[in-house]
Amino acid sequence: MTIDLLVIYTNRLDECRDFYAGLGLDLVPERHGNGPDHYAATLADGTVLELYPATRRPETGYLRLGLTDDSPAP
């Protein structure tokens, strides 16, 4: 089993975007049809991370996510 999509609903969209961008993710703004503006990043393995505003759907709440950075240390 692999995870190919992870969606986070947040009341703090800009702060959440800044956090993941600070980890090196290239988050791009998106909008599908009449849906809300949100951000998406495609990870090296093809997994997509999407950050949505918590509007019609409740905030994701606590989430434990393990990320590993395999790049050499500066």
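How many bridges join strand β3 to strand β4, and do the two run parallel or antiparallel? I noted first that the model is a predicted one. I then found four bridges between β3 (residues 38-42) and β4 (residues 48-53), and the two strands run antiparallel. Within this pair, I located Ala 41 opposite Leu 49 of β4.

**Entry: the sheet.** I traced an open sheet of four strands in the order β1-β4-β3-β2, with mixed pairing. I recorded β1 (5-10) and β2 (28-30) as the edge strands, each of which pairs on one side only. From one strand to the next, I noted an average twist of 25 degrees. I also looked up helix α1 (residues 13-22), which lies across β1, β3 and β4 and runs at about 155 degrees to β4.

**Entry: Glu 50.** I placed Glu 50 in strand β4. Is Glu 50 buried or exposed? I list Glu 50 as buried because its relative accessibility is 12%, and the cut-off for buried is under 20%. Among the residues that Glu 50 touches, I noted Leu 5, Val 7, Glu 30, His 38 and Tyr 39.

**Entry: salt bridges.** I counted three salt bridges in the structure. Arg 17 forms one with Asp 14, with the closest N and O atoms 3.4 Å apart. These two residues stand three apart in helix α1, so about one helical turn separates them. Arg 17 also meets Asp 18 in a salt bridge, at 3.0 Å from N to O. I recorded Arg 17 as partly exposed, at 23% relative accessible area, and Asp 18 likewise as partly exposed, at 44%. Arg 31 and Asp 37 meet in a salt bridge at 3.8 Å, N to O. Through shared partners, I found Asp 14, Arg 17 and Asp 18 joined into one network of salt bridges.

Note on methods:
Residues are numbered from 1 along each chain as its sequence is written. This is a predicted model: local features need pLDDT of at least 70, side-chain atom pairs count only at pLDDT 80 or more; totals for chains, interfaces and linings use all residues. Side-chain values use heavy atoms; hydrogens and water are left out. Two strands pair if DSSP finds at least two bridges between them. Axes are lines fitted to C-alpha atoms, for helices over the stretch in contact, and angles run from 0 to 180 degrees between N-to-C directions. Contact means heavy atoms within 4.5 Å. Buried means under 20% relative accessible area, exposed over 50%, partly exposed in between (1.4 Å probe, protein chains only). A salt bridge is a side-chain nitrogen of Lys or Arg within 4 Å of a carboxyl oxygen of Asp or Glu. Lists of a residue's contacts leave out its neighbours within four places in sequence.
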